Amino acid sequence: MKKKVLSVVMAAAMMTSVFSATAVTASAADAEELTIWVHETDSPEGQLYKTLIDEFNKEYEGTYHATLTQIARSGDAGGYDDKVNAAITNGGLPDVFTVDGVAVAQYADANAIVPIGDYFKEDELADFNPSIIQQGTYNDELYTLGAMDSSVGIFYNKDMFEKAGIEPATAEKPWTLAQLEDAAKKLTTDDCYGITMSLDAKDETCIYFFLPLIYSQDSSVLDKDGETAEGFLNGDATKNVFNWIKDMADNGYASATPAENSFELGQAAMALTGSWEPGNLAKYDINWGLMPMPVYDENSTPASACGSWTFAMSSNCSDEKKEGAAELIRFMTSTDASARMYEANAMPPARSSAFEKIDAFNEEPLNVFSYQLQNTAKARPVSVYYPILSNQFATALQNVLTGMEVDEALDQAVEQYNFQADIY
């Protein structure tokens with residue numbers, strides 16, 4: 001397969017918003033000038049980036065001075081991904097820029113970013129969630145570090161569980177898929193599904209939610225080199241998960257076309273969803289709890305979802321500036337920055353020391369996410385072909401839910417994966 005990355009990177013743009021760019025500038029005579037681009041503008045997260053850069057410039061006054069450019073993500077020309085891709089082509093990258101965790105391989109393969117591991121001590125890196133290091137590592141070199149992470153679990157209606165006599169799973173003892181299905185069956189009524197799992201999704205949601213169930217069988221959707229899908233994307237472990245999802249929908253325990261906010265409105269007793277959900281639940285009157293990601297069966301290894309935006313040093317950063325760029329990345333991913341990121345966007349922190357600073361993650365229900373991110377999280381494949389993989393996983397799942405046989409859908413997904421990867 002040809003390694004053609006730039007076009008794959010461009011295909012990875014998934015978020016939409018209106019393009020805008022702002023720059024934080026100040027004069028700093030004699031200080032080494034650094035440039036940094038981030039993907040958020042006027043949101044609380046965007047405001048935090050501005051504040052952190054101001055603090056960096058104050059702390060390193062006379063040594064380093066960073067200029068921040070903020071560019072909104074957009075599906076239209078001119079958005080963050082387009083700006084970065086254009087800069088890769090014309091050599092206009094800043095010293096440091098944010099990279100979506102699933103795009104690390106593409107940017108590294110395109111020589112748009114450079115390894116940063118040598119600039120960080122072993123004990124510093126040990127404080128990051130293991131999956132943060134995993135998602136930032138390509139060909140055994142660390143390329144990125146992040147301040148935030150994410151996770152997926154099973155949110156449940158406590159009142160419905162109590163009425164049905166169901167004891168929830170715990171972080172240390174997750175349910176198997178059979179146990180989850182049994183609970184969903186008991187909780188399903190004429191006007192309430194046992195669980196909602198975003199089965200109408202046609203995007204990254206699909207692989208993000210369900211890949212851990214494949215990992216829990218000690219398998220994956222690509223080989224260890226991140227290239228070959230044959231025998232993995234259409235392997236037994238993936239088939240097992242797809243067949244289970246199909247059974248849940250066919251039996252009426254989960255809807256293939258769920259209503260919006262069905263869990264929040266009491267139309268589903270459980271919801272398989274992400275760490276962003278508590279913010280949404282705050283708008284509703286619901287007594288909820290949180291359980292960990294299930295495992296495939298009693299012999300499986302617990303695995304959970306993770307990953308978010310990170311900071312990288314660009315290949316345009318001169319040798320003279322690399323120490324300063326590394327110091328800027330260190331500052332933007334510090335324990336303090338990671339803890340404050342949770343306050344800004346409710347995303348779990350990327351560091352163990354930051355979890356210790358946030359009370360919510362040291363008590364129920366969010367301690368489930370804290371446990372998962374520090375013990376069971378496993379990053380999505382670090383592959384230059386990841387956008388193709390994600391798209392074909394989602395397509396195969398929709399094909400199964402609309403009537404195609406699992407074997408046929410996954411074989412077709414592998415065929416399309418191979419065809420598209422060969423083009424790049």
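This is a predicted model: local features need pLDDT of at least 70, side-chain atom pairs count only at pLDDT 80 or more; totals for chains, interfaces and linings use all residues.
Strand E4, which spans residues 96-100, has 5 of its 5 residues buried, so it is largely enclosed by the rest of the structure. Both of its faces are covered, with Val96, Thr98 and Asp100 buried on one side and Phe97 and Val99 buried on the other. Strand E2 (residues 32-38) pairs with E4 in the parallel sense over 2 bridges, and in this pairing isoleucine 36 has valine 96 of E4 as its bridge partner. Strand E12 (residues 309-314) pairs with E4 in the antiparallel sense over 5 bridges, where threonine 98 stands opposite phenylalanine 311 of E12.

Across the whole structure, 13 salt bridges are found, including those in the table.

| Salt bridge | Closest N and O atoms |
|---|---|
| Glutamate 55 and arginine 340 | 3.0 Å |
| Aspartate 182 and lysine 186 | 3.4 Å |
| Lysine 239 and aspartate 407 | 3.7 Å |

Lysine 239 lies in helix H10 (residues 236-250) and aspartate 407 in helix H17, so this pair ties together parts that are 168 residues apart in sequence. Salt bridges with shared partners also join Glu55, Asp336 and Arg340 into one network. Aspartate 182 and lysine 186, by contrast, both lie in helix H8 (residues 177-187), 4 residues apart, which is about one turn of the helix; aspartate 182 is partly exposed at 38% relative accessible area, whereas lysine 186 counts as exposed at 53%.

On the surface, Glu230, Glu405, Glu408, Asp411 and Glu415 gather in a patch of negative charge. Glutamate 408 has its place in helix H17 (residues 406-423) and is partly exposed, with a relative accessible area of 46%.

Key: Residues are numbered from 1 along each chain as its sequence is written. Side-chain values use heavy atoms; hydrogens and water are left out. Buried means under 20% relative accessible area, exposed over 50%, partly exposed in between (1.4 Å probe, protein chains only). Two strands pair if DSSP finds at least two bridges between them. Patches are made of residues with over 30% relative accessible area and no salt bridge: like charges are joined within 9 Å, nonpolar side chains (Val, Leu, Ile, Met, Phe, Trp, Tyr) within 5 Å. Accessible areas come from the Shrake-Rupley method with a 1.4 Å probe; for residues, only the protein chains shown count as cover. A salt bridge is a side-chain nitrogen of Lys or Arg within 4 Å of a carboxyl oxygen of Asp or Glu. Lys and Arg count as positive and Asp and Glu as negative; His and the chain ends are not counted. The place of a charge is taken as NZ of Lys, CZ of Arg, CG of Asp or CD of Glu.
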